[in-house]
There are 2 protein chains.
Amino acid sequence: MTAKKPHHHGNLRAALIAAGLELLQAGGLETLSMRKLAAKAGVSHAAPAHHFANLTALHSALMTEGYKMFTDSMRAEMPLEPRDPRETILAVGRGYLNFALNNEGLFNLMFGGTPRDHNDKGLNQAADEAYDVLREICAPIVKGEGGSQANELMIWALIHGLARLVLHTKLGSLDTEQAFDTWRLILPPLEFSAYPSDITNFLAK
Amino acid sequence: MTAKKPHHHGNLRAALIAAGLELLQAGGLETLSMRKLAAKAGVSHAAPAHHFANLTALHSALMTEGYKMFTDSMRAEMPLEPRDPRETILAVGRGYLNFALNNEGLFNLMFGGTPRDHNDKGLNQAADEAYDVLREICAPIVKGEGGSQANELMIWALIHGLARLVLHTKLGSLDTEQAFDTWRLILPPLEFSAYPSDITNFLAK
DNA sequence: AATAATAACTTGACAGTGTCAACTTCAATA
DNA sequence: TATTGAAGTTGACACTGTCAAGTTATTATT
């Protein structure tokens, strides 16, 4: 981010990540390669190795960027002064779907099972920040047997499963707006507590 | 499976698929290659090309096998004489989770965004048969605004999202039994109708 | 039964891939 | 100014998918 160009290229790392995102957008994981990255940045084929020890490290870096975009996409839809907690959940779901549908390659990279570096601190933090959004919007839901975690899991599973399904049956073709309508339909009724955090409560069954 | 050995190898195709499943099980998508497949089947590196035109075709074939196993896994948990429709849904979900957790590589191949041949008839049919299970167990759910499709989407998204999440945070570590407990917790209350199959119904939108 | 046709498989090649080792260049520091 | 070390280059290696051409064995035709 700093404008200094300390060396030959002047922060190549950022350029490589940008190129990687472009490649993902253009052709998905299949067309992403270190050598193409290098070429796109106008640099020799082995240059990226100085910034990403191996493919997994590159993937982790792209995922990190992805999680930031993901978090932004969700927060962008969040009402500034939330009134109805259900509406907030629906809105964040819209941001979720926006990200998934507008960044298919990146979404697949993040959630498609590609091995990642579980010790990458930046990645873990970026992922945590995305999860924080989920925690916030689920806080008002009345806790049942599984506590707040079960609520979060339910919401996450629902919206993620939907996103995955929409991408998966893409030829069957849902645009973003139709996907959001579907999200509205499948979100089950929820009970909210006036004071999000403290109530003796339980869900049915 | 038939014991005839009509040719040099005698049905190589099946052997290649079996080898592919083994490779997926052992090391995931990364370690799956046509040449390793050929080696594993004791055949020259270009032999597979006569059975699978390209990598995508091989993937499609493995997915097809995967969907069959997937369907079997769900049906295996289905009670023979279903009493409580909710219990049936929970049971099928258990089969779903069993498949995902015991066949991670294959599951990732099927649902991770890997390009597939959308014209592969066998694959499409195998996928449809998996979806049929879902349709069956969702049939008793009272239809709302979104019709039966919305119910199916909700159940599918929930269980799929959960499976994905469990795999994803695997180091956080849930075994199959804990995953199933979670499934029990996040399945929301559902209303069931007495006569599952015949009702005047219509899909929304 | 002999021959033609064809499916199954092999061999060899090609471009592209990730990764490693050795080298060069340049910026910063001592 | 000399040295150090990071950033980038060059070249190599084993591996990948895919194609073209050749070989072998089974099936079909006459």
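A salt bridge is a side-chain nitrogen of Lys or Arg within 4 Å of a carboxyl oxygen of Asp or Glu. Between chain A and chain B, the count of salt bridges is zero.

Before going on, here is how to read the model. It is predicted, so local features need pLDDT of at least 70 and side-chain atom pairs count only at pLDDT 80 or more, while totals for chains, interfaces and linings use all residues. Residues are numbered from 1 along each chain as its sequence is written, chains are lettered from A in the order in which they are written, and side-chain values use heavy atoms, leaving out hydrogens and water.

Now to the place where the chains meet. Taking contact as heavy atoms within 4.5 Å, 32 residues of chain A touch 33 residues of chain B. Buried area is the accessible area (1.4 Å probe) that two parts lose on being put together, summed over both. Here is that value beside its carbon and sulfur part:

| Item between chain A and chain B | Value |
|---|---|
| Buried area | about 2700 Å² |
| Share from carbon and sulfur atoms | 74% |

In chain A, Leu165(A), His168(A) and Leu185(A) lose the most area to chain B, together 19% of what that side buries.

What about the cysteines? Buried means under 20% relative accessible area (1.4 Å probe, protein chains only). Cys138(A) is buried because its relative accessible area is 3%, and Cys138(B) is buried with a value of 3%.

Notes: Buried < 20%, exposed > 50% of the residue type's maximum accessible area, 1.4 Å probe, protein only.
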